[in-house]
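Here is a friendly walk through a two-chain model, going from single residues up to whole chains. Please keep the structure open beside the text as you read.

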Amino acid sequence: MLLRKSPSLEATIRSSEITPQHVFEEHQHSRRRFLTSAATLGAAALAARTIPSLINPPTTVQAAEQLKTISSKYTLDDPQTPLAKASTYNNFYEYGTDKSDPSHEAYRLQTRPWPVQITGMVKKPQTINIDDLLSYRPLESRVYRFRCVEAWSMIIPWDGYSLSEFINFCQPLPSAKYIQFFSYNNRKVMPYEPSSYDWPYREGLRMDEAMNPLTLLTFGCYGQVLPNQNGAPVRVIVPWKYGFKSAKAIVRFHFTDKQPATTWNEADGDEYGFYSNVNPNFDNARWSQAHERRLDSSLLPRNIPTQMFNGYGDQVASLYTGMDLKKFY
Amino acid sequence: MSKRAIILLKVLVHLLCLAPLAWLLHFYTSGALALNADPVNYITHYTGDWTLYTLFASLAITPIRRLATSLGFLIRFRRLIGLYAFFYATLHLATYIFLFSGYDIATALTGLHAGHPSALVTQWKLIWPGMVEDVLKRRFIQVGLFAWLLLLALACTSPAFIMRAMGGKNWQRLHRLVYLAACAGVVHFWWLVKKGNNAPWKVTAVLTLLLLARVAYTAMKRLKTPTPIPTRPSSV
């Protein structure tokens, strides 16, 4: 069937007159930057800088692409965190250290084409494209608790399939004991990337952790393609670990026999261990991990007790039998 | 400067210093705060930031007066702005106690409405042990609390009659602690953020500038008034 545009629309707006989306966003962005820098002139204006973001919370309002998903047994009854909150409160230091930075800056990222490398101890190292990865298995909609090491948490529906399916596709050698994730890094796209870290961002899991069905290779959330600031086009979600273990914008999966280097462990090994399992009995230097602030649509804080393994002990506790979790934090 | 002008200026300074709080309340009442991803975190940072800004404003008065003698009247506002720094520091501390540490305001208020004011205390008892542990364990909280205690001492001794009772010299000596409080506030910020996050560099730069201005002034004053050559005691 031939699809025709409505003639009235065609008559009023020629396609050449339509501002391309990236130009519009660029303009909006530079306008916002100008306004912000102008506002810093006065002392009172210091406050003004924060007002627009409050009255009009920054949301990358793009015509988000809907994903076709199937239902999953992984669901939760807790009220979900609104997408507007989950997409404006992100620790994604490549785009700046403030949690509102990624939602303002990540629009520069182009998620196509996106070659994904499979390297290290695999039968055949190869590069595949993101769309093949996306369509490799049906996407499940799974609702997970998301617990940040900063003692706040969200309830988020993620869309993806078990990382184990992809690992099987990669055909790792029996000698491969760990998987390392490399995130995208490009200073042109990330002009505010702090130079105090060793980029690119790297994370990793032990193979049995990566093969656990809970570990999700994630392409979307809330039934839509992931917003850039949430790790588009592909990330992992490891729900029983602190959020920073769930690497975003992955460009390379590396299979190795040694415990791989991870960014936060390198930056501050005393605070961020390789395992970083959610553990209410083991405090971080900065935050007590016994409680968490649940971020949903309520204004008043709801401080709730943090659960061991973020409540996923039934599925994952056996991975750590015999291990001293205070030593392997 | 006429008395009327001073009063007018004082009102203006009060309004300026209260503006950040007015904004915060407006965000709250307009419902915009609830849309923020993490309202508690937002209020914590907002009150902390404004503690530093007002403290810096009060510390900027002396260098400004030295640069422009015509602005000498600004001294009348230094103590006032300093008190607002204590005011925002107290809001910041209250945010930590009542919002951050898990004090269940909703339950406490429901209890209060039902005629049980003890609900306020019950909630307090619930969070108290955790808070003590938090303070004992975390140096960024310790240094922040230290800064607040310093500001508390300065605020308590700020009334004119206490100043008179203490004597100008003593009062000034005590109130030099404001530099220590400002430094502790900035250290509090550095120790709070994760390693490698250099977000506090801006406030650090401002504070350094404010402190250097004083060092430079003292050095210049020394150069202008040559120290008399000490006469050598005649040795036998």
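Asn310(A) sits in the loop that runs between strand 13 (303–305) and helix 11 (313–316) of chain A; helices (H or I, at least four residues) and strands (E, at least two) are DSSP runs, numbered from the N terminus. Although Asn310(A) is not a glycine, its phi is positive, at about 60 degrees. Is Asn310(A) buried or exposed? Asn310(A) is buried, having 23 other C-beta atoms within 10 Å. For this term, C-beta atoms are placed from the backbone, and a residue is buried if 20 or more others lie within 10 Å of its own, exposed if 12 or fewer, and partly exposed in between.

A word on the source: this is a predicted model, in which local features need pLDDT of at least 70 and side-chain atom pairs count only at pLDDT 80 or more, while totals for chains, interfaces and linings use all residues. Residues are numbered from 1 along each chain as its sequence is written, and chains are lettered from A and ligands numbered from 1 in the order in which they are written.

Gln171(A) also has a positive phi without being a glycine, here about 55 degrees. Look for Gln171(A) in the loop between helix 8 (163–170) and strand 6 of chain A. Gln171(A) counts as partly exposed, because 13 C-beta neighbours fall inside 10 Å.

| Cis peptide bond | Omega |
|---|---|
| Trp199(A) and Pro200(A) | about 5 degrees |
| Ala232(A) and Pro233(A) | about 0 degrees |

Pro200(A) is in the loop between strand 6 (178–183) and strand 7 (202–206) of chain A, and Pro233(A) is in the loop between strand 9 (224–225) and strand 10 (235–237).

Now for chain A as a whole. Chain A has eleven helices and 13 strands, and 39% of its 329 residues count as buried. Among contacts in chain A with a separation of 6 or more, 70% come from residues 24 or more positions apart; two residues are in contact if their C-beta atoms, placed from the backbone, lie within 7 Å. An unreviewed UniProt entry annotates residues 110–264 of chain A as "domain: Oxidoreductase molybdopterin-binding". That span, residues 110–264, is 13% helix and 38% strand, and its end C-alpha atoms lie 26 Å apart. UniProt positions follow the numbering used here, feature names are shortened, and annotations may be inferred rather than shown by experiment.

How many residues of chain A are in contact with chain B? The contact involves 30 residues of chain A and 31 residues of chain B. On the side of chain A that touches chain B, helix 3 (45–48), helix 4 (51–55), helix 5 (83–86) and strand 12 (291–294) each supply at least two residues. Helix 4 of chain A gives the most, with three residues.

Turning to chain B, the unreviewed UniProt entry places "domain: Ferric oxidoreductase" at residues 48–185. Residues 48–185 of chain B are 85% helix and 0% strand, with end C-alpha atoms 9 Å apart.
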